[in-house]
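Open the model in your viewer and colour it by secondary structure. The stops below can be selected one after another by residue number.

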Amino acid sequence: MSRRNFSLLLATVFVSLVCWGRKPDNPHARFVAECFDKIDEHAYDRPADQELVDGAMRGMVEVLRRRGDNNTQYFRPEAADVLRESMSGKGFGGVGIRLRVTGDPPLPTVVGPPAPGTPAYAGGVRDGDRIVAIDGERLTGLTPEDIRLVTDQIRGEPGEPVELTVSRPAGGGAAGSDPAADTGGAGAGAEPVELRLTLTRAIVVTPTLVGDRPYADGTWRHMLAQDPRIALVRVLQFGDQTFDDFRRLLPRLEDAGMRALVIDLRGNPGGSLDEVIEMCDLLLPAGAEIVETRDRRQRVLERRRATGRYGSYTGVPIAVLIDGGSASASEILAACLQDNDRAVVIGSRSFGKGTVQQVFDMQAGASLLKLTSSTYWRPSGENIHRLPGTPEDKPWGVKPTPGFETPLPEADRRALAEARSLRDVTPIDRL
């Protein structure tokens with residue numbers, strides 16, 4: 001068999017399997033495979049096999065999006081490795097920002113302040129910047145799936161420069177500046193300006209847990225200066241090492257005199273379901289319900305409960321901080337601690353992402369399909385996920401404990417983010 005025919009066979013089988021569902025004799029799968037074959041053999045302008053596969057996958061994902069599923073994503077081969085790398089928590093050559101395609105026109109937008117000590121922080125990138133060009137190449141016609149390709153463009157060899165052209169409301173300061181000195185503000189209605197920022201890529205190791213202030217050696221002080229009996233743990237994301245890091249951290253906090261714990265989930269977009277379940281298990285008594293997952297017919301697939309195998313952290317008073325950027329795994333943690341009366345939840349209502357995605361290796365692992373397969377529900381039995389158009393008065397997300405709502409106007413939120421960024425890169429000496 002020739003290399004071309006073998007490649008065609010693999011691609012045809014791949015598209016067929018995606019459509020297959022549960023029945024191997026699904027007529028729609030055979031139809032798609034037949035269309036693929038006809039186009040490949042007879043189209044006047046014959047596209048590459050991979051291009052046909054990508055087009056078919058994008059079309060199927062778009063159908064799911066029109067039905068309200070904004071979280072299913074197909075990752076082409078060149079983007080799949082970026083996703084695997086981001087979930088591993090290992091170092092990579094980058095600039096230290098998180099991006100999401102938002103707005104009109106849709107553009108990559110910086111989510112949260114740049115990671116402390118990264119090229120993005122040093123180069124003046126700030127929360128909310130919209131990237132309009134990379135190395136002079138304008139970005140147009142983006143879809144949410146393209147964020148991984150954008151990320152791949154920004155990443156590269158450590159030491160090499162990358163130029164980001166960002167759109168920012170007029171008067172907005174740079175990351176690392178003194179918020180009090182930013183008298184121009186970024187108020188509503190300000191016309192955006194474009195700024196060219198040249199950053200030098202570096203090895204970026206994305207932490208999952210940080211504290212209140214960094215020490216000069218790169219470790220963190222978690223005990224609050226105002227009351228050293230209170231420990232602050234900021235969970236930036238739920239990666240593959242988050243639970244292990246958290247389990248190792250708690251005994252050190254106890255040794256330092258911890259009598260109460262603040263878990264800051266503001267701006268945390270979520271991550272690994274298994275990691276957050278293990279964290280809940282560490283903080284809840286045996287038998288306490290953590291989360292329930294249901295399929296599309298609302299049948300209970302799994303009900304996870306605390307096992308009690310970790311022991312001694314079920315009596316520590318806890319406060320959890322959330323905001324509109326707290327999503328997915330963050331909402332599971334906040335909801336299960338709130339519903340089991342283990343924590344006071346403070347801040348503003350969370351994002352409302354209550355769907356579970358499974359990541360499937362496609363094309364023998366060359367590409368990935370991140371597919372919404374179920375929903376998760378909090379111990380109280382209430383829904384977490386917010387479908388497009390769901391009104392505010394319906395149950396979704398996580399609300400702060402009554403009396404502990406602290407909504408922030410956008411200007412105050414940005415000022416707080418800038419102050420936190422400055423605090424994150426100002427080392428302190430050990431006492």
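Select helix α7 (residues 242-255) and helix α8 (residues 273-283): they pack at an angle of about 25 degrees, with axes 8 Å apart. Axes here are lines fitted to C-alpha atoms, for helices over the stretch in contact, and angles run from 0 to 180 degrees between N-to-C directions. Helices (H or I, at least four residues) and strands (E, at least two) are DSSP runs, numbered from the N terminus. The two helices are therefore roughly parallel (angles under 35 degrees).

Now show side chains where they touch (contact means heavy atoms within 4.5 Å). On α7, Phe-243, Phe-246 and Leu-250 are among the contact residues, and on α8 these include Met-279 and Leu-282.

This is a predicted model: local features need pLDDT of at least 70, side-chain atom pairs count only at pLDDT 80 or more, and totals for chains, interfaces and linings use all residues. Residues are numbered from 1 along each chain as its sequence is written, and side-chain values use heavy atoms, with hydrogens and water left out.

Next, select what α7 lies across: β10, β13 (230-235) and β14, with the helix at about 170 degrees to β13. These strands belong to an open five-stranded sheet of mixed pairing, in the order β10-β13-β14-β17-β18 (two strands pair if DSSP finds at least two bridges between them). Its edges are β10 (209-210) and β18 (343-347). Inside it, β14 (260-264) and β17 (318-322) run parallel, joined by four bridges; look for Leu-261 opposite Ile-318.

Finish at β20 (367-377), which pairs antiparallel with β1 (73-75) over three bridges. Eight bridges join β20 to β19 (355-362), also antiparallel. Four residues separate β19 and β20 in a hairpin, and Gln-363 in the turn has a positive phi of about 50 degrees.

Notes. Parallel < 35°, antiparallel > 145°, perpendicular 65-115°, else oblique.
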